[in-house]
Amino acid sequence: EYRGLIYMALSAVGQAFGALFVKFCSSSGMQCFQILFFRGLIMWSSNAFMLIMKGKPFKEWWGQSWEHAMWLILRGLFGFLSLGCKYWSVIHLYLADAISIRFTVHIFSGIFACLMLGESWLIAEAISAFVGFGGILMIVQPAWLKFVGFPAKQGPTYPLFDVTIAILCPVFNALGYVGIRKLKRIKADTDPFVILHYLGMFLTFASLPVARVVEGPLQFPAHLEAWGWLVALSLTTYLSQIFVTWGLQIERAGPATTVTLIGVPSTMLLQAIFLHKEPLSLLSIIGATVICLSIGNVALTKAVVETAPDDSSSPNNTNDFKAA
């Protein structure tokens, strides 16, 4: 059963297009939290329409118990913080550098799910995660690699604040993913659109005061082109959120988020086509191949585990990490 992994891959491709549209919105004169506010407003209203069309009783939009509602709130909060950090880093850092940091989420997700939920993280999956991150570095060749002795492309010296924001993005993102897994445990049939209802609320109502403080009074897009990029961003990322919610309700966080590495070569390809950046180098092609191999190893490991006899009770089983 690879449905969960397929959903995660589709989500990553959607996020790749989302990063491109954020660049277009920024070039149209919009700022980070203003983009996030309008994206959240469009997403929240679209998601409310979906809940109404499904006939979901209004009282069920808010959770089935106090614990369920609390984790819905945490998922919305971590999602807002993650997307705020992501948009900020995509706008203020080179796209390649921002993406290389963002996709460490698969490492944090495996670790957090292991420690907080007791989920297994197979050694082969952990290796795939770190190898896949190596492939990311080959593709993007971020400027910060020079600080650890590796040759890298020439790049700017980033303010410490912007780098810190970029690093916090995958941390909050991973905590949000763990929140989805926890909601699945609390209530197995948690509606993905209820989860997205909380995310949409946070994106809409939390972005507005932050935008006012950080960026000044809210300004509406000045022309139709900017509105077009906003709508494109909102729709692609909304579909991406649906896929990631479905995927994490089916698949463990470690292998599921490793598969999202496919978003890196997807983003690089979109960048080369639409942003007229450097053409793909041989090292980029090798890096994309490494990423695909790491994803293939996750799928192969899943197939082997599902067909192997269950010996998890054996004291000598050392094929996975588990929280004590």
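The largest cavity is lined by S11, Q15, R75, G79, S82, L83, K86, R102, N173, Y177, Q241 and V244. A cavity here is a set of points, on a 1 Å grid over the protein atoms alone, where a 1.4 Å probe fits but cannot get out, and lining residues have an atom within 4 Å of a point. The model is predicted, with local features needing pLDDT of at least 70 and side-chain atom pairs pLDDT 80 or more, while totals for chains, interfaces and linings use all residues. Residues are numbered from 1 along each chain as its sequence is written, and side-chain values use heavy atoms, without hydrogens and water.

Helix 1 (3-27), helix 3 (66-92), helix 7 (160-186) and helix 9 (224-250) each contribute at least two residues to this lining; helices are DSSP runs (H or I, at least four residues) numbered from the N terminus. The greatest share comes from helix 3, with 5 residues.

In all, the structure holds 4 cavities of 30 Å³ or more. Of the 13 residues lining the second largest cavity, A19, K86, I99, R102 and F103 are the closest to its centre. Helix 1 gives the most to that lining, with 4 residues.

| Cavity | Volume | Lining by class |
|---|---|---|
| Largest | about 120 Å³ | 3 nonpolar, 6 polar and 3 charged residues |

Volume is the space filled by probe spheres set on the points, which are joined across faces, edges and corners. Ala, Val, Leu, Ile, Met, Phe, Trp, Tyr, Cys and Pro count as nonpolar, Asp, Glu, Lys and Arg as charged, and the others, Gly among them, as polar.

The protein chain has a mean pLDDT (the predictor's confidence in each residue, from 0 to 100) of 84, and 88% of its residues reach 70 or more.

Notes
1 Å grid on protein atoms, 1.4 Å probe; cavity = no way out; pocket = protein on both sides within 12 Å on 5 of 7 lines; lining within 4 Å.
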